[in-house]
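Please view the sequence and the model together with the text below.

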Amino acid sequence: MKRFVSLLCLSFLSLLLCVSCIHNQDKSIKKGSSGKTQELLLVADKSTYQGSTKALIDSLFCSPQPGLPQGTPRFDLVNIPVSSFKNSEMFRVHRNVLMCDINPGNPNKVYKHIDEWAAPQVVFDFAVKDSASLNELLVKYAPTILAEMQKAEHRRVIKAFRGMKGVEVVNQVKKQFGFSLMVSNEFELANPSNPSDNFAWIRKETKDFGIGVLVQVSPYLSQKQLDSSAVLDAIDTLMHRHVQGSADSSYMGLERKNLDIFCAPVDFEGSSFCMEPRGCWRTFGDFMGGPMVAYTLLSPDKKQVVTLVGYVYCPRNTPPKRDLLMQVESICHSIEW
């Protein structure tokens, strides 16, 4: 009888532990965030989002994104009042949230919340006394807000790709280069014009668009390889050599003559230095082209220069080139050494 009671107590304790573990796990699980690609939810009353404040917010977050051939805004802005946000869970799980609350009793502070109500999510909460204070803080923190929201967009795409991982492509890239890039099973490894051990071409082709990432690894010899002019020349060379157009003697290259290419150092996780060119590519000898973004970075051991070139071809702009470019950006940012 004593043995039976002991077993009964042990079973009851085990059940309690299981229930406790499940309860704790549930508390840590975040809902998936909502929102279209590069959509910004502005939580501000009409009395706030007007005049100079409205003009400032629009100029900071809805201005044309650099490197796109059409004047596409960085973010599509959706405005709702503060009361709607507080009273609706649907709005609180939006991926990118900018809250602007004006009240004389506020402390004139900015609060950042990562994955507060959903994941991935970034929320910037401006609790200010008046419009002048809001405008001043918006200008100060706009670069940080844009960077954090871009990261949230990358995390969303990477999470989606991981859910339908292209195992063969991921494993082949890792075997070839020693690092991995996350892609979905809709991507394949293309056959370049001139195959080599230090180059790979990942792409996805549909009836409406084509997107892809060109990957090249070279030995790091000197800082000159990371200068903007050297970076652009190297990208031009790898495009010309490995990506042939459909017409005879046509080839891919950077569009440097008619459109600006923006090239600047950026922070890139896992690398001590990264140069990011943004602009357009074209097919010389043919009539194709579109936006591109590239990352030329040092490997963690500083022995290699890794070049990742994301490109988009979407002549009808459906879906928007900006949104497709976000996909190839995210593939580049998914690199794991």
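## Strand pairing in the sheet

Strand S5 and strand S7 (residues 122-128) run antiparallel and are joined by six bridges. Within this pairing, histidine 113 stands opposite valine 123 in S7. The model described here is a predicted one.

The two strands belong to an open sheet of five strands, in which the order is S3-S2-S4-S7-S5 and the pairing is mixed. Strand S3 (76-80) and strand S5 (109-114) each have a single partner strand and stand at the edges, so one side of each has no neighbour in the sheet. On average, and with direction ignored, neighbouring strands of this sheet are turned by 15 degrees against each other.

On the H5 side, the contact is made by Gln150, Glu153, His154, Val157, Ile158 and Phe161; H8 contributes Met326, Gln327, Glu329, Ser330, Ile331 and His333. By class, this contact has five nonpolar, five polar and two charged residues.

## Aromatic pairs

The structure holds eight aromatic pairs. In one of them, the rings of phenylalanine 85 and tryptophan 117 have centres 5.7 Å apart and planes at 75 degrees; an angle over 60 degrees counts as edge-to-face, so this pair is edge-to-face. Phenylalanine 85 lies in helix H3 (residues 82-87), and tryptophan 117 lies in the loop between S5 and strand S6 (118-119), so the pair ties together parts that are 32 residues apart in sequence. Phenylalanine 85 counts as buried at 2% relative accessibility, whereas tryptophan 117, at 32%, counts as partly exposed.

The rings of phenylalanine 268 and tyrosine 295 have their centres 5.4 Å apart and their planes at 55 degrees, so that pair is tilted. Phenylalanine 268 is in the loop between strand S12 (262-265) and strand S13 (274-284), and tyrosine 295 is in strand S14 (residues 289-298); the pair links distant parts of the chain, 27 residues apart. Phenylalanine 268 is buried, with a relative accessible area of 6%, and tyrosine 295 counts as buried at 1% relative accessibility. Elsewhere, ring pairs link Phe177, Phe179 and Trp337 into a cluster.

How values were computed. Residues numbered from 1 in each chain as written. Predicted model: local features only at pLDDT ≥ 70, side-chain atom pairs only at ≥ 80, totals over all residues. Heavy atoms only, no water. Contact = heavy atoms within 4.5 Å. Helix = DSSP H or I, 4+ residues; strand = E, 2+ residues; numbered from the N terminus. Nonpolar A, V, L, I, M, F, W, Y, C, P; charged D, E, K, R; others polar. Pairing = 2+ DSSP bridges. Axes fitted to C-alpha atoms, helices over the stretch in contact; angles between N-to-C directions. Phe/Tyr/Trp six-rings, centres within 6.5 Å; stacked < 30°, edge-to-face > 60°. Buried < 20%, exposed > 50% of the residue type's maximum accessible area, 1.4 Å probe, protein only.
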